[in-house]
Amino acid sequence: MIKPWLTDKYRAYLKSQAWAEFREESFRHHGKHCFYRGRYVYLEENREFCTVHFGSLEVHHLTYERIFNEVLSDVRVLCQRCHRLEHLKIDAARENNRSVRRYRNGLDTYVEKKYGYGTEPAYYEGEYNDWLDRKRSWG
């Protein structure tokens, strides 16, 4: 999937009068303050950010389902710092999901090759993890 914010059409949209009006409407609806304001920052515990505003306020898309025709529930107002952190958190979650899929696919393949099609992979997860550890130690 192409990230909408990487397209020329999206960049042009952010410079448009339509976006400027929606952005102002978002500020009126959600308030001119960061959604996370007053909460503590402990990223390693996955707590939310923003003890104080940092940078300008920005409108963050929660979904791109209605891109170019957003509704107020599609967005939230964040300070610049929290907006960047939100995207880092989203990117980390996507990468983690990819890693989990790679792991599950590897487990399925390992069990299928060793024990045959239709064998329940969950019973052999410990064995697969031991094999992965040995494989990693090979270099």
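Which residues point one way from strand 1, and which the other way? Leu-57, Val-59 and His-61 take one side and Glu-58 and His-60 the other, and all are buried (buried means under 20% relative accessible area, exposed over 50% and partly exposed in between, with a 1.4 Å probe and protein chains only). Please keep in mind that this is a predicted model, in which local features need pLDDT of at least 70, side-chain atom pairs count only at pLDDT 80 or more, and totals for chains, interfaces and linings use all residues. Residues are numbered from 1 along each chain as its sequence is written, and side-chain values use heavy atoms, with hydrogens and water left out.

**Overall layout**

- The chain has 4 helices and 2 strands (DSSP runs numbered from the N terminus, H or I of at least four residues for helices and E of at least two for strands).
- Following the sequence, these elements come in the pattern α-α-β-β-α-α.
- Buried residues make up 29% of the 139 in the chain.
- Among contacts with a separation of 6 or more, 50% join residues 24 or more positions apart (contact means heavy atoms within 4.5 Å).

**The strand pair**

- Strand 1 and strand 2 pair in the antiparallel sense over 5 bridges (two strands pair if DSSP finds at least two bridges between them).
- Glu-58 has Leu-78 of strand 2 as its bridge partner, while His-60 stands opposite Arg-76 in strand 2.

**Nonpolar cores**

- The largest nonpolar core holds 17 residues, and Cys-34 and Cys-82 have the most contacts inside it (a nonpolar core is a set of buried Ala, Val, Leu, Ile, Met, Phe, Trp, Tyr and Cys residues joined through side-chain atoms within 4.5 Å).
- Helix 1 (8-14), helix 2 (17-30), strand 1 (57-61) and strand 2 (75-79) are the elements that give two or more residues to this core.
- Strand 2 provides the largest share of this core, with 4 residues.
- A second, separate core has 6 residues, including Leu-107, Val-111, Tyr-128 and Leu-132.
- As background, nonpolar side chains tend to be buried together in soluble globular proteins.

**The largest pocket**

- The lining has 13 residues, of which Tyr-10, Leu-14, Glu-58, Val-59 and His-83 are the closest to the pocket centre.
- Helix 1, helix 2, strand 1 and helix 3 (80-115) each supply at least two lining residues, and strand 1 gives the most, with 4.
- By class, the lining comprises 6 nonpolar, 4 polar and 3 charged residues (Ala, Val, Leu, Ile, Met, Phe, Trp, Tyr, Cys and Pro count as nonpolar, Asp, Glu, Lys and Arg as charged, and the others, Gly among them, as polar).

**Loop residues to look at**

- Leu-62 lies in the loop between strand 1 and strand 2, and counts as partly exposed because its relative accessible area is 42%.
- Leu-62 and Val-75 are 13 residues apart in sequence, with their C-alpha atoms 5.2 Å apart in space.
- Leaving out residues up to four places away in sequence, Leu-62 touches Ser-73, Asp-74, Val-75 and Arg-76.
- Phe-68 lies in the loop between strand 1 and strand 2, and its phi is positive, about 80 degrees, although Phe-68 is not a glycine.
- For comparison, most residues other than glycine have a negative phi.
- Phe-68 has 27% relative accessibility, so it counts as partly exposed.
- Ala-122 lies in the loop between helix 3 and helix 4 (125-137), and counts as partly exposed because its relative accessibility is 48%.

Methods: 1 Å grid on protein atoms, 1.4 Å probe; cavity = no way out; pocket = protein on both sides within 12 Å on 5 of 7 lines; lining within 4 Å.
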